[in-house]
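Let us take a walk through a protein together, one feature at a time. Have the sequence and the 3D view open while you read.

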Amino acid sequence: QVCINFVQLEAILDSKVGSSVDCSVCRGCQELSLQVDVADLHALIPRSFAELGLEVVHGLGYHAARRAHLPLDSGIYLARPGYVFESLGCDWGSLITSVNGKPTPSPEAFVKAIEDVPDRQYFPVLWYDLRDFRRDRTLKTGFAKMSRAWSPLRIWHCSSAPDAKAERWTSEDMPV
């Protein structure tokens, strides 16, 4: 099927979510045949986040991942700094790749990595500043001080029933 505009392309891609499409494209005066997997972009949006010491972290969304040319499981995105990470100079827009010596590809991995760190204890953190990532790709390191006094470690999940139109956020407090 020949596709001549983006409206037609969008309709074809929407009908093929979860499978693949065969494409012929012209690139550099050469015709290429490609098989392209079609992902559901809604499934690539973070559906969980964690709170700690007024911090909010969530998975790396596909918009930020695309802009920085990074895989979605590169780390967790610091949406709001608080008492723990702000002390290292880790600000909003940072991509935290490791805490306490453990990789953090998701909020769930982040919770597992820090759940055993006692209050007021220092732990190592590795991160990138995504706000200036095109110019500076330096992996930053530092030690953060655990602060559980102001807010417990809490993870939030978004879920919906298959037939429901509304989504529901539920939280789970992690043990101190």
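How far is the sulfur of Cys26 from the closest cysteine sulfur? The distance is 6.1 Å, and the partner is Cys29, so the two are too far apart for a bond. A disulfide is a covalent bond between the sulfur atoms of two cysteines. Here a disulfide is counted when a pair of cysteine sulfur atoms lies within 2.5 Å, and by this rule the count is zero. Cys29 is therefore in no disulfide, with the sulfur of Cys26 as its nearest cysteine sulfur. Buried means under 20% relative accessible area, exposed means over 50%, and partly exposed is in between (1.4 Å probe, protein chains only). Cys26 is exposed at 64%, and Cys29 is exposed at 82%.

A word on where this comes from: the model is predicted, so local features need pLDDT of at least 70 and side-chain atom pairs count only at pLDDT 80 or more, while totals for chains, interfaces and linings use all residues. Residues are numbered from 1 along each chain as its sequence is written, and side-chain values use heavy atoms, leaving out hydrogens and water.

Now turn to the rings. A pair of aromatic rings is described by the distance of the centres and the angle of the planes. Rings of Phe, Tyr and Trp (its six-membered ring) pair if their centres lie within 6.5 Å; planes under 30 degrees apart count as stacked, over 60 as edge-to-face and the rest as tilted. That gives five aromatic pairs. One of them joins Phe85 and Phe110, tilted at 45° with 6.1 Å between the centres. Phe85 lies in the loop between strand S5 (76-80) and strand S6 (94-99), and Phe110 belongs to helix H3 (residues 107-114), so this pair ties together parts that are 25 residues apart in sequence. Helices (H or I, at least four residues) and strands (E, at least two) are DSSP runs, numbered from the N terminus. Phe85 is buried at 0% relative accessibility, and Phe110 is buried at 1%.

Phe85 also pairs with Phe123, edge-to-face, at 6.4 Å centre to centre and 85° between the planes. Phe123 sits in strand S8 (residues 122-129), 38 residues from Phe85, and the pair links distant parts of the chain. Elsewhere, Phe49, Trp156 and Trp169 form one aromatic cluster.

On a 1 Å grid over the protein atoms alone, a pocket is an open set of points where a 1.4 Å probe fits, with protein on both sides within 12 Å along at least five of seven lines; lining residues have an atom within 4 Å of a point. Grid points are joined across faces, edges and corners, and a volume is the space filled by probe spheres set on the points. The largest pocket holds about 400 Å³. Its lining has 16 residues, and Cys3, Leu9, Ile12, Asp22 and Cys23 lie nearest the centre. Strand S1 (20-27) and helix H1 (6-15) each supply at least two lining residues, with the largest share, five, coming from S1.

The second largest pocket has a volume of about 220 Å³. Among the residues that line the second largest pocket are Glu10, Asp14, Val38 and His42.
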